Amino acid sequence: MPGAPGPAVTPHPTRKPGAFPQALRVMAPEALLDAGERERIRAKSAIFAPPGATLADGRRELVGMTREQLAAEMVAIGEKPFRAKQLWHWIYHQGATDFSVMNSIARPLQAKLSEKFVIGRPGVATEQTSSDGTRKWLFRFRDEQQVETVYIPDDDRGALCISTQVGCTLSCTFCHTGTQKLVRNLGVAEIVGQFMAARDSYGEWPTPTGGAGDGEGDGGRKLSNIVVMGMGEPLYNYENLAAALTIIMDHEGIALSRRRITLSTSGVVPMMDLCGQELGVNLAVSLHATNDALRDEIVPLNRKYPIAELLAACRRYPGASNARRITFEYVMLRGVNDSIAEAHELVHLLEGIPAKVNLIPFNPWPGSPYKTSTPEALRGFAEVLNAAGYSSPIRRPRGRDILAACGQLKTESERARRA
Ligand code: SAH
Ligand code: SF4
């Protein structure tokens, strides 16, 4: 809300934000306990692994490889590893999809590269633009699986909302994606590819230089921010997402600052520390309820990681500060979680966390069981938060006419039946 005062930050009674050096935070007992749980999450994630980098014709997909992997591919075909640096520039700075435009590489090598490799993009199954300018793509991957990606324009910039999974294992009761079983995780190339394809669509290659990726300016580009808020739970596909964001943040490529990236989680507590330490992106947490009984029901993951644990993970999220607050998302469901009493409970819960709250009017989808809160309820709820010093904008629904708003994404992809 414009002009809203900053949040009243009352230090947490047992752990003052920023009071511990980073190394000690890493060793906090909660984090150690989480290590085993993290392994289980990783093992499960591997079961839903995406297809590998080799196409049916034997060529290999270069998008999604790390610099080291690219160098190894060059060595494997008898070329010098420095070729990887050139390729990186052409792929991620220039946005090239064809080796023949790479004029720093001699023709014979261009031909050799095109025999062995591809620089792919997800296929565009459909592309729709909403009356409010929001654009939604249905992307189709090599194995025919599909996800949706949304671009939300703002005045002089905009955010791309990217997906991380085909479907979702969680089944939050207000979310359309939650009605689609998890089919599989997206791979690194498929996650980066959503951004690259969107850039193709808006003609924003090459990466603008000068202030473009350092968080100071955005070089005037439309695709200035990324929100990891599309289909799926990003922290259940952490490895692929982390590799993809590392590519996107690389200074010699797309060069998007971590300050321009926000990851939304429904609360996978054991992965939150890791995300903060390794990626340092902005964190958004889908809270949606102020007590465990209700949150257990509408965000079933709460039964595993209840509110107190979730908020403790937020309190220790590396990098959270008054300047970089954690966003709490709160979907406003009429008569379910939108009372004034709950607004006061929310203020109480957030004590000591550098926080802002996004109030998201519920976006309906075919067959959805809820109604959007009334404008009065939305206003009243926001007023309580604002009075307590929390910035709490009411999100304007975007792209509802093309089912592109928060929680409306879903595709036809289904898990293949086991023989
Ligand atoms: N899985 C992640 C990110 C994707 S959902 C998560 O749950 O955080 C992005 C945001 O949209 C989340 O806050 C989610 O709770 C919210 N959302 C889901 N369904 C919604 C709906 N129908 N209306 C409004 N917001 C919704
Ligand atoms: Fe999955 Fe997020 Fe939807 Fe919950 S809100 S079902 S975690 S995509």
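1. Helix α12 (375–387) is among the elements that cover the buried residues of helix α11. In α11 (residues 340–349), those buried residues are Ala-343, Leu-346 and Val-347. Seen down the helix axis, the buried residues of α11 fall within an arc of 100 degrees, so they line one face of the helix. The arc is that of the directions from the helix axis to the C-beta atoms. On the other side of α11, Ala-341 and His-348 are exposed. Here, a residue is buried if 20 or more other C-beta atoms lie within 10 Å of its own, exposed if 12 or fewer, and partly exposed in between, with C-beta atoms placed from the backbone.

2. A word on the model itself. This is a predicted model, in which local features need pLDDT of at least 70 and side-chain atom pairs count only at pLDDT 80 or more, while totals for chains, interfaces and linings use all residues. Residues are numbered from 1 along each chain as its sequence is written, and chains are lettered from A and ligands numbered from 1 in the order in which they are written.

3. Now the overall picture. The protein chain has 12 helices and 13 strands; helices (H or I, at least four residues) and strands (E, at least two) are DSSP runs, numbered from the N terminus. Of its 419 residues, 45% count as buried. Among contacts between residues at least 6 apart in sequence, 71% join residues at least 24 apart. Two residues are in contact if their C-beta atoms, placed from the backbone, lie within 7 Å.

4. The largest nonpolar core is worth a look: it has 111 residues. Those with the most contacts inside it are Leu-160, Val-192, Phe-195, Ile-226, Ile-248, Ile-326 and Met-332. Domain 1 (20–118) and domain 2 (123–418) both give residues to this core, so it lies between them. The domain bounds come from an automatic or database domain assignment. A nonpolar core is a set of buried Ala, Val, Leu, Ile, Met, Phe, Trp, Tyr and Cys residues joined through C-beta atoms within 7 Å. In soluble globular proteins, nonpolar side chains tend to be buried together.

5. Leaving aside neighbours within four places in sequence, Ile-226 is in contact with Ala-159, Leu-160, Ile-162, Phe-195, Ile-248, Leu-256, Arg-260 and Ile-261.

6. Helix α4 (residues 83–93) has Ala-84, Leu-87, Trp-88, Trp-90, Ile-91 and Tyr-92 buried. The elements covering these residues include α3 (67–76) and α7. Just after α4, Gly-95 takes a positive phi of about 75 degrees.

7. Turning to the ligands, 16 residues surround ligand 1, and the closest are Cys-175, Ser-286, Glu-329, Cys-406 and Gly-407. A residue is counted here if its C-beta atom, placed from the backbone, lies within 6 Å of the molecule. The elements that give two or more residues to this shell are β10 (261–265) and β12 (326–332). By class, the shell around ligand 1 divides into eight nonpolar, six polar and two charged residues. Ala, Val, Leu, Ile, Met, Phe, Trp, Tyr, Cys and Pro count as nonpolar, Asp, Glu, Lys and Arg as charged, and the others, Gly among them, as polar.

8. The residues around ligand 2 include Cys-168, Cys-172, Cys-175, Glu-233 and Ser-286. Its shell has four nonpolar, six polar and one charged residues.

9. Strand β12 also holds Tyr-330. Tyr-330 is buried, with 25 other C-beta atoms within 10 Å. Beyond four places in sequence, Tyr-330 is in contact with Leu-287, His-288, Val-357, Asn-358, Leu-359 and Ile-360. Its C-alpha atom is separated by 7.4 Å from that of Ala-289, 41 residues apart along the chain.

10. Some backbone details deserve a glance. His-288 lies in the loop between β11 (282–286) and α9 (292–298), and its phi is near 65 degrees, a positive value in a residue other than glycine. His-288 is buried, with 25 other C-beta atoms within 10 Å. Ala-255, in the loop between α7 (238–249) and β10, has a positive phi near 60 degrees. Ala-255 is partly exposed, with 18 other C-beta atoms within 10 Å.

11. A cis peptide bond joins Trp-205 and Pro-206, with omega about -10 degrees. Pro-206 is found in the loop between α6 (188–202) and β9 (225–228).
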